[in-house]
Amino acid sequence: MVQPIVQVKNLSKTINNKRIIKDLSIDFFPGQITGFLGPNGAGKTTTIRMMTGLMHPTAGEVIIDGKSLAKNYEAAITQVGVIVENPEMYKFMSGYKNLQHFARMHEGVTKGRIDEVIRQVGLEKRIHEKVGTYSLGMRQRLGLAQALLHRPKFLILDEPTNGLDPAGIREFRMHLRHIAQTEGVSIVVSSHLLSEIELMCDRVAIIQNGELIDIKEINASESSTYYIEAEPKEKLMQLLDGYTISANENGFNVEIPKQQIPALLKKLASEVEVYAVQPNNKTLEDQFLEMTGGGAIDEISR
Amino acid sequence: MKLVVNEWVKLWSKKSTWVMLILMLLLVIVPAGVMKYYDESSSDNWQQNSQQVIQDFEKIIEEDDLDESTGSYYYETIMIENYRLEHNIAPNGTTMDTFMRNMLEVASMVITIFIVTVAAGIVSSEYSTGTIKMLLTRPVARWKILLSKLVTTIIFGLTLYLAAIILSAILGAIFWGTAMSTPLEVIEGQVVQIDVWSSYFEMFFLSFGSFFMSIFFAFLIGTIFRSSSLAIGLTLFISFMSNMVVLLLSRYEFIKYVWITHVNLNQYGTGYTPMIPGTTLTLGLTVNFVYAIIFLVITFIVFNKRDVTA
């Protein structure tokens, strides 16, 4: 078992007598990208703010690299890189000066490291221009650069692809994967964009009404039904006798273990014209909606 | 401290900071030109003028029924003019030191306004732009960040003072030469010649009262309410209205223990009378000091405890 880099233990937050976060516990492991998913108002941002020390938890604690965030703030937060929502930089300064500014707040970030990070995020050409002139995409890159400066072991990104174009999102995704794999950084990405989480993350933590309702590994194939389309239909129905089937568009959904597919196909091929066989992957979206009940913002219970 | 360097860099990256500095310098340069221009017309026959003043004032004293404070003004003026005639000390037009003194007076007022805008904005602007999140997720305790901002504000204010003083000294020396004036003062019934520089620096250090109290107060409001306009407005309102409020409330005892009574420490300087009789420089300093501590403690506690939601 790998040691978790970050442990969130029984975190609770009460604001104005409303319990925003209820007893939330979760561990984060090196090299793993965790998606933080939840409908708007579920408490994603509040949780992230408590993990970064911006908010003080009402109860519970956050332990980063063995150090309590509340008791040993400076030592704990050293290991964390953060982008909370839009990376807000000082618009009246150049990108480079912004990075210098943040570098001065960490131990041991050299000039060489600043240049290295700039190269990593591909901002060499415009790093000396004022941030005010940057596009949102460039600001996101700069945001990533400042979060990586001090080689954190834990990277927290709140809605990081907000405002990025598809190419930018893709690049961003590759980048995160790269950092997670090569440097063993544990990454948390919060988003309400399901498809994005699905593509980017190794596992998803689903939050609703301040509670962690599920943690799931992504890509573990959950599919056990296959869509089969063939003519004539009547013949197909006969051949599928013994399996649980349901009609779907021009064919049927068949409940069948993966190993049995080749055998079934051989049988089918001699009797009917097979047009299509494909696995019915439940998308994360389906699962998400199933679990959160349509994603509506429930009244926060007292 | 690296954090102070950070704040310093940020401060000077803003155009408004440069505007303040330039305005500050202009406020020294322009009056210098004007005063030099009008200076040429001053008369040379000072003995006659002095005699005239003495005669006029003596007439006033005889004829009018004067209250104590205005009466003493006329008496003292007569004493000083007599002293001049006896010792043959010409009254001075503008000299290097009187010019510097005038400029210091202007500068300390303007610096108070400028420094309040800086103190009010240096914390609240981080909130309004959202950069506070970037600042507070660093391995630096919050109180250090706040302290660095306070220190930077104070250094900036002192820089403005330094710039004004140096420039006024240079211009004064160029326009009026390095000859000093001979200010006379009546102290305990004796005409005394005061040392130019000690009175200059007395004024300089006494202006620190409003300098520091304005910074601390604006810093407090700016941090608590995260709004620079409120902080600027409230601080300047208080510093401009303080005289009136204090006068209105002057018959109550408690006003002695409110800091606005003592913000203007120059009232305790040589040759001035305090607004509230019976107050002394020691009391003023003590009250200011206590309030400064209260302001700072509140500011730091609020900043440390607060959840950042910007």
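The lining of the second largest pocket divides into 11 nonpolar, 12 polar and 1 charged residues. Here Ala, Val, Leu, Ile, Met, Phe, Trp, Tyr, Cys and Pro count as nonpolar, Asp, Glu, Lys and Arg as charged, and the others, Gly among them, as polar. That makes 24 lining residues, and Met109(B), Ser210(B), Asn243(B), Asn264(B) and Asn266(B) lie nearest the pocket's centre. In chain B, helix H5 (96-129), helix H8 (196-206), helix H10 (228-248) and helix H11 (259-262) are the elements that give two or more residues to this lining. Helices are DSSP runs (H or I, at least four residues), numbered from the N terminus.

The model is a predicted one: local features need pLDDT of at least 70, side-chain atom pairs count only at pLDDT 80 or more, and totals for chains, interfaces and linings use all residues. Residues are numbered from 1 along each chain as its sequence is written, chains are lettered from A in the order in which they are written, and side-chain values use heavy atoms, with hydrogens and water left out.

How big is the volume of the second largest pocket? About 660 Å³. A pocket is an open set of points on a 1 Å grid where a 1.4 Å probe fits, with protein on both sides within 12 Å along at least five of seven lines; lining residues have an atom within 4 Å of a point. The volume is the space filled by probe spheres set on the points.

Now for the rings. Over all chains there are 28 aromatic pairs, meaning Phe, Tyr or Trp (six-membered ring) with centres within 6.5 Å; planes under 30 degrees apart are stacked, over 60 edge-to-face, and the rest tilted. Two of them look like this:

| Pair | Centre to centre | Plane angle | Type |
|---|---|---|---|
| Phe205(B) and Phe208(B) | 5.7 Å | 85° | edge-to-face |
| Phe212(B) and Phe216(B) | 6.0 Å | 35° | tilted |

Phe212(B) and Phe216(B) both sit in helix H9 (residues 208-225) of chain B, 4 residues apart, about one turn of the helix.

Buried or partly exposed? Buried means under 20% relative accessible area, exposed over 50%, and partly exposed in between (1.4 Å probe, protein chains only). Phe208(B) is buried at 18%, and so is Phe216(B) at 10%. Phe205(B) is partly exposed at 48%, as is Phe212(B) at 23%.
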